[in-house]
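User: Please take a close look at one part of this model, the salt bridges and their surroundings. Then set that part in the context of the whole chain.

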Amino acid sequence: MEILYQDKDIIVIIKPVGIDSEKQMVDMIKEYTTTNVYPIHRLDKNVSGVMVYALNKKSAADLSKCVQNKEMIKEYIAIVHGTTSLNGSLKDYLYKDSSKNKVYVVKKLRKNVKEASLTFETLKYHNNRSLVKIKLETGRTHQIRVQFASRGYPIVGDHKYGSKDEQTNPMLYCYQLTFKHHDQVMTFTNYPPFSQHF
C-alpha cells in the first residue's frame with residue numbers, strides 16, 4: 001500500500017488493482033493505522049489510483065459533504081482503443097443491471113437510470129489507441145468504461161465492455177484527487193506507468 005498523505009483525520013493512498021476499495025482496502029488501512037476507517041468514494045476492483053479515506057466520523061461527514069456538493073474532483077487517465085477527438089464531453093443516461101454487475105447506456109430516465117457526464121482531453125495517439133485524460137462530473141458505476149465503450153472506444157483491457165486485447169485489467173487510473181480538508185483545498189497527483197510509456 002502506497003501512502004501519499006496522512007494526518008490524524010484522513011489518509012490518501014494508491015489503491016492497487018485487485019483490491020476491493022470498500023472492504024479489503026479498509027481492512028488494510030485499519031491494520032496499518034489501528035483506527036477506524038471510513039470509505040468516502042470507490043474505485044472498481046480492477047482499477048487502481050488515488051483515494052482518500054477518513055479516519056474518524058467527523059472527517060467522514062466533512063468529506064461526504066464535499067462529495068455531495070461536487071467539491072471532490074476526480075480525474076483519470078485511460079488508454080482507449082481507436083482515435084478519439086482532441087477533447088469533448090460525454091453525457092448519457094446509464095442503467096445499472098445489478099444482477100449482471102453491468103451498466104448500459106439507455107435513451108431516457110426511468111427506474112435505476114441515472115444521468116452521467118464527464119469531460120475529456122486526448123493527450124496522444126499511437127497504434128490506433130488514444131491516451132485520454134478524463135474529469136468526472138458525476139460518479140456512476142463503471143461510468144468512464146461504459147461511456148467510452150458505447151462510442152466505440154473501449155478502454156484497453158476492459159473485456160467486460162468490449163476490449164478484445166490481451167491486457168488483463170482496464171488501463172484506467174485515478175491519477176488526481178482534489179478536495180477541501182480543514183478549509184484548505186488539497187490536490188494529490190500520481191501518474192500510472194502506462195501513461196508515461198505510451
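Analyst: Arg 42 is partly exposed, because its relative accessibility is 36%. Its salt-bridge partner is Asp 44, and the closest N and O atoms of the two are 3.2 Å apart. Asp 44 counts as buried, because its relative accessibility is 11%. This is a predicted model, so every value here is computed from predicted coordinates.

Where does Asp 44 sit? It lies in the loop between strand S3 (38–39) and strand S4 (48–54).

Which residues touch Asp 44, leaving aside its neighbours within four places in sequence? They are Lys 15, His 142 and Arg 145.

Arg 151 forms a salt bridge with Asp 92, with the closest N and O atoms 2.8 Å apart. This pair, too, links distant parts of the chain. Arg 151 is in the loop between H3 and strand S10 (172–181). Asp 92 is in strand S6 (residues 87–97). The separation is 59 residues. Arg 151 is partly exposed, because its relative accessible area is 34%. Asp 92 is buried, because its relative accessible area is 13%.

How many salt bridges does the whole structure hold? The search finds 7.

Next, the cysteines. How many disulfides are there in the whole structure? The count is 0. The cut-off for a disulfide is 2.5 Å between the sulfur atoms. Cys 66 is buried, because its relative accessible area is 4%. Cys 174 is also buried, because its relative accessibility is 1%.

Asn 112 has a phi near 65 degrees, a positive value in a residue other than glycine. It lies in the loop between strand S7 (102–106) and strand S8 (113–126). Asn 112 is partly exposed, because its relative accessibility is 49%. Asn 128 is not a glycine either, yet its phi is positive, at about 60 degrees. Its place is the loop between S8 and strand S9 (129–136). Is Asn 128 buried or exposed? It counts as exposed, because its relative accessibility is 55%. The cut-off for exposed is over 50%.

The surface also carries a nonpolar patch. Met 1, Met 28 and Tyr 32 form it, with about 280 Å² of accessible area together. Tyr 32 belongs to helix H1 (residues 24–33). Tyr 32 is partly exposed, because its relative accessibility is 48%.

Now the whole chain. It has 4 helices and 11 strands. Its radius of gyration is 17 Å, close to the 16 Å that the globule rule gives for 198 residues, so the chain is as compact as a globular protein of that length. Along the principal axes, its C-alpha atoms fill a box of roughly 45 × 40 × 30 Å. Buried residues make up 47% of the 198 residues. The chain exposes about 10600 Å², and carbon and sulfur atoms supply 47% of that area. Consider the contacts between residues at least 6 apart in sequence: 60% of them join residues at least 24 apart.

Conventions: Residues are numbered from 1 along each chain as its sequence is written. This is a predicted model: local features need pLDDT of at least 70, side-chain atom pairs count only at pLDDT 80 or more; totals for chains, interfaces and linings use all residues. Side-chain values use heavy atoms; hydrogens and water are left out. Patches are made of residues with over 30% relative accessible area and no salt bridge: like charges are joined within 9 Å, nonpolar side chains (Val, Leu, Ile, Met, Phe, Trp, Tyr) within 5 Å. Accessible areas come from the Shrake-Rupley method with a 1.4 Å probe; for residues, only the protein chains shown count as cover. A salt bridge is a side-chain nitrogen of Lys or Arg within 4 Å of a carboxyl oxygen of Asp or Glu. Helices (H or I, at least four residues) and strands (E, at least two) are DSSP runs, numbered from the N terminus. Buried means under 20% relative accessible area, exposed over 50%, partly exposed in between (1.4 Å probe, protein chains only). The radius of gyration is taken over C-alpha atoms; the globule rule is 2.2 Å times the number of residues to the power 0.38. Contact means heavy atoms within 4.5 Å.
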